[in-house]
Amino acid sequence: MIERILLFIMIIVGFWGIVTKHNIIKKIFALNIINNAVVILFVLEGSRIGSNAPIMESGITHIVDPVPQALMLTAIVIGVCISALALSFAFRLYKITGTFDVREIKRQVHHEA
Amino acid sequence: MKPEDLLFAPVVLPLIGAALVIAAKAFLSRKVVKIVEYIGAFLGLGLPLMFFAIIYPTISNGVVIYGIIGGWHESVGITYQFDGLAWLVNILTYSVCAAAWIYSLDAGPEGPSFTSVFLILTAALSATIITSDIFNLFVCLEIVGISSYILVASTDKPGASLAAFNYLIISASAMVFFLIGVYGLYRITGTLSYQGITETLQTLPDHGGTSAIISVALIIASTIIRVAIMPFSGWLPDAHALAPHAVSAVLSGVLIKVPLFALSRVLSFIPSGASAGQLLGYAGALTAVLAVILALCQNDAKRLLAYHSISQIGYVVCAWGTAIHVGVASSQGEALMTAAFLHAFYHALFKGLLFLSVGTTVDRAKNRDVYTLRGAASILRASGERIPVTLITFLIGALAITAIPPFNGYISKNAISYALDGTILYYLLFVAGVGTVASFIKLSRIYWQKPNEMISTKPQPVPITAHISQLGLALICLISGVIATPIYANTKNLLTGEYPQYVTNWYSPATLMKTAVIVMLGAGLYLLTTTKIISRLLKKLRELPSHFESLFIYFSIGTAMLVGWMLWFK
Amino acid sequence: MKKIGTRIFITLGLLPLLLVLLPLFLDGTPWPVAVRNYLELNGVKDSGAINLVSSIYLGFRVFDTLGETIVLLTAVGGTIAVFTRSGAILTDGYYNSNISALTDSEKQMLLDDPSFTLAGEKRLSHVLRTHLIEVVTGVLGPVVLLFGFYLMLYGHLSPGGGFQGGVIIASGIIFLALGNRIGHVNFLTRALVLERIEACAFLLLVFASVIGTAMGEGFFTNPFNFIPGNPASFIVLLNIIIGLKVGAGIGFLCIALVGREIV
């Protein structure tokens with residue numbers, strides 16, 4: 001239970017970070033935080049029903065649930081790809097406007113577009 | 001080989017095309033890469049249309065092809081379901097994507113990277129509607145998302161990168177909540193397929209209770225961000241206005257509709273899904289009105305079209321939501337669902353047409369402001385268009401969206417209004433129709449009169465591919481309006497399994513009278529907006545600051561309202 | 001004052017969503033065991049892999065893995081495209097063609113320099129690395145590559161697999177690039193070679209998915225379910241393809257991005 005509360009706090013922090021931080025890089029950090037929180041949530045909760053890793057060598061029983069782990073492999077890779085793309089947008093905007101502050105970028109870009 | 005074996009052709013063929021283009025780009029010289037691009041596009045956008053023709057007889061007999069990818073056991077494999085809805089949405093996807101790709105050959109971004117990402121987007125859109133597994137829906141929506149962020153940013157305009165970034169952040173955060181919803185559902189039911197979830201939830205007391213409702217609400221809210229009804233639509237005007245023209249056509253035409261129809265299957269998990277449909281219906285109607293008011297204020301031609309996309313998708317969501325609320329099996333529900341799909345399909349066609357025609361025009365005239373651009377018709381003639389093809393196709397698109405007979409917009413809008421007759425939604429959509437007429441009169445003014453400044457250099461000639469794609473879409477708009485009754489009948493059969501019992505009279509005196517009233521009121525509204533007071537008010541509305549945080553606050557409040565509504569009206 | 005007011009307003013706006021999540025986190029329903037029980041009994045028999053997680057994402061739910069690979073491919077291509085468009089000169093000649101700020105001799109020097117090696121007099125920006133890195137990573141590079149290949153090939157028997165092994169192969173490639181002797185070009189660290197490996201691997205993956213259809217058994221079925229052979233061979237094949245693809249893709253991304261910038 002305490003782990004779930006901690007993960008809930010992590011999600012709060014991540015979501016709050018995405019919305020309120022003005023630096024683009026910090027928004028991307030927060031997106032990573034919230035992605036990681038969800039991954040930990042799935043794997044943690046799936047591990048409660050067993051005590052062995054799901055590698056079926058001879059004599060292994062009572063394994064943890066392997067399905068959340070497989071799903072989260074996909075989710076981690078997708079999260080990394082989104083972060084990479086977001087960072088490339090941040091770099092592009094930095095080259096155009098010279099700043100990472102979203103408000104400043106918006107002001108400059110609306111003057112040009 | 002039965003047709004069912006080729007079921008994944010619409011997903012695999014574009015992927016093979018994309019893989020060939022990527023391999024050619026790495027190995028071969030530029031000229032050969034261009035040839036491989038054409039081969040890849042034909043494989044990926046042309047061959048699937050043949051597949052749809054082959055499989056149509058099976059589907060129209062009511063056969064639902066259902067299976068598990070790889071033939072594994074049901075509890076661990078990924079299930080898929082190909083029924084009439086999947087067939088129709090795929091036709092929508094492929095027709096618009098093919099036209100947009102042909103347009104992009106000369107006018108838009110071109111090159112192997114654009115073609116490969118475009119083909120991957122098409123494959124993912126196809127997979128979104130065929131899949132019957134909630135985590136696979138997540139993966140497909142992510143592929144759609146990531147390819148659309150790249151396509152939006154594939155231009156040199158600085159605003160496009162910021163628009164793509166905003167779209168990325170809101171979409172990626174929404175998908176995190178989608179995953180939390182999947183967590184909730186998997187915890188309660190232990191399975192990920194739609195069928196398994198529905199059956200397991202039925203065996204539980206209270207259909208899974210609060211947790212099931214919250215999980216389904218999170219999944220709905222995350223998907224509705226992509227559908228962009230208000231208040232979730234903050235990202236759409238920038239992204240669609242600043243993207244290249246071919247990409248805007250695909251975004252407005254296809255990307256805001258496919259997640260909606262994929263969501264139809266999710267809403268049947270729990271009985272509260274019906275009340276969610278009711279709330280979405282109201283939200284859709286309000287969106288239709290509010291977005292058209294905002295569209296009236298805009299001065300940039302493509303932003304005006306983008307706000308109109310929001311308004312028209314409001315029509316579709318209104319009909320779709322109400323259909324789910326009254327039950328898809330009832331007669332009103334069937335009529336509404338058919339009307340919703342028809343309007344989605346026709347909107348994809350005429351909105352794509354409008355984006356392509358207006359795009360050609362503003363590219364020649366080098367000005368996108370509807371208040372200052374005049375005389376585009378003569379500019380187009382100066383650029384070598386002897387027959388004013390672009391002007392004609394724009395007019396066809398404008399007549400279609402304002403619901404003038406005999407074009408297809410008339411058929412679909414009246415189908416929706418007829419099925420919603422008597423409710424407050426009917427009046428809201430009426431008001432939205434008036435606003436649509438007014439703003440299209442405003443937009444069409446860019447073509448008349450003489451140009452404001454003399455164009456010093458001869459504008460570039462309009463490429464033949466632009467003409468082909470625009471004419472193709474315009475022709476389909478005209479034909480689908482004229483042969484409306486068989487199309488309506490077959491669509492209803494594909495969606496619900498039975499043909500309509502009686503033939504609707506599309507040209508009844510009452511409907512024609514209503515159309516005439518809407519046009520007159522629309523013209524009056526337009527004249528009203530040219531007065532000083534109203535135009536100052538519109539300017540104030542246009543310049544309202546839009547904050548980045550507001551996207552998320554609306555998402556938060558909207559999700560909470562959805563959960564509250566679903567819990568209240570269990 | 002106004003700033004605090006806005007912050008409070010925003011926090012209050014985000015509160016509803018977080019309140020919605022709370023019941024989901026406090027839910028005490030026991031985690032379902034049906035799938036775990038089924039896999040414990042039948043997982044190894046059906047798919048041939050001892051590592052059940054591999055059997056899920058390369059056997060039962062392999063379509064998701066195809067989607068994930070596509071996301072990676074698109075992200076790598078898109079990131080490079082966005083970078084080239086913003087005026088950065090990437091290595092091996094990937095650059096935006098309107099760079100007019102350089103003199104011709106400088107441009108020629110950049111275009112000729114094929115590798116990632118940092119010879120102090122050739123680079124336009126200051127040298128950022130020390131000899132310590134070059135020596136250590138140069139020696140460790142092949143070891144890391146070997147470890148990556150091991151993880152990739154043994155994914156069906158122990159923790160590992162295509163993605164895990166692929167990422168380590170990518171770091172091996174970066175180690176090799178960092179540790180190159182001055183003026184020496186390593187075959188595996190050329191961006192063009194990595195792009196070709198990635199393209200071939202993706203093509204092979206798409207063809208592997210239609211083998212089942214060509215045999216008449218449906219999309220993405222394990223062909224070894226119908227022809228004699230160990231079903232795990234298909235998993236090993238997929239691991240190799242995915243490992244090469246991920247390794248080459250991420251390696252290509254990192255190496256291409258280390259290039260030079262024109263201000």
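Predicted model: local features only at pLDDT ≥ 70, side-chain atom pairs only at ≥ 80, totals over all residues.
Residues are numbered from 1 along each chain as its sequence is written, chains are lettered from A and ligands numbered from 1 in the order in which they are written.

**View 1. Helix 4 of chain B meets helix 4 of chain C.** The axes of helix 4 (residues 112-130) of chain B and helix 4 of chain C come within 11 Å and cross at roughly 150°. Helices here are DSSP runs of H or I with at least four residues, strands are runs of E with at least two, and both are numbered from the N terminus. Axes are lines fitted to C-alpha atoms, for helices over the stretch in contact, with angles from 0 to 180 degrees between N-to-C directions. Helix 4 of chain B passes helix 4 of chain C in a left-handed crossing, the term for a near helix turned anticlockwise from the far one by less than a right angle, with clockwise being right-handed. Look for B:Ser113, B:Val117 and B:Ile120 on one helix, meeting C:Ile70, C:Thr74, C:Gly77, C:Gly78 and C:Ala81 on the other. Two residues are in contact if their C-beta atoms, placed from the backbone, lie within 7 Å.

**View 2. Chain C touches chain B.** Here 53 residues of chain C are in contact with 52 residues of chain B. Helix 4 of chain C gives the most to its side, with 14 residues. That side of chain C divides into 32 nonpolar, 12 polar and 9 charged residues.

**View 3. C:Val82 sits in helix 4 of chain C.** Not counting residues up to four places away in sequence, C:Val82 touches A:Ser88, A:Phe89, A:Arg92 and B:Ala153. C:Val82 counts as buried because it has 23 C-beta neighbours inside 10 Å. A residue is buried with 20 or more other C-beta atoms within 10 Å of its own, exposed with 12 or fewer, and partly exposed in between, with C-beta atoms placed from the backbone.

**View 4. Chain A touches chain B.** The contact takes 29 residues from chain A and 26 residues from chain B. Helix 3 of chain A gives the most to the chain A side, with 12 residues. That side has 22 nonpolar, 2 polar and 5 charged residues.

**View 5. B:Ala164 belongs to the largest nonpolar core.** Of the 331 residues in this core, B:Val152, B:Ala164, B:Leu168 and B:Ala319 touch the most other members. Helix 6 (residues 158-189) of chain B gives the most to the core, with 22 residues. A nonpolar core is a set of buried Ala, Val, Leu, Ile, Met, Phe, Trp, Tyr and Cys residues joined through C-beta atoms within 7 Å. Leaving aside neighbours within four places in sequence, B:Ala164 is in contact with A:Phe89, B:Tyr149, B:Val152, B:Ala153 and B:Ala239.

**View 6. The loop between helix 16 (389-401) and helix 17 (408-419) of chain B holds B:Pro406.** A cis peptide bond joins B:Pro405 and B:Pro406, with omega about 0°. B:Ala403 is found in this loop too; its phi is positive, about 65°, although it is not a glycine. With 23 C-beta neighbours inside 10 Å, B:Ala403 counts as buried.

**View 7. A:His62 lies in the loop between helix 2 (24-46) and helix 3 (66-97) of chain A.** Phi of A:His62 is near 55°, a positive value in a residue other than glycine. A:His62 is exposed, with 10 other C-beta atoms within 10 Å.

Technical notes: Nonpolar A, V, L, I, M, F, W, Y, C, P; charged D, E, K, R; others polar.
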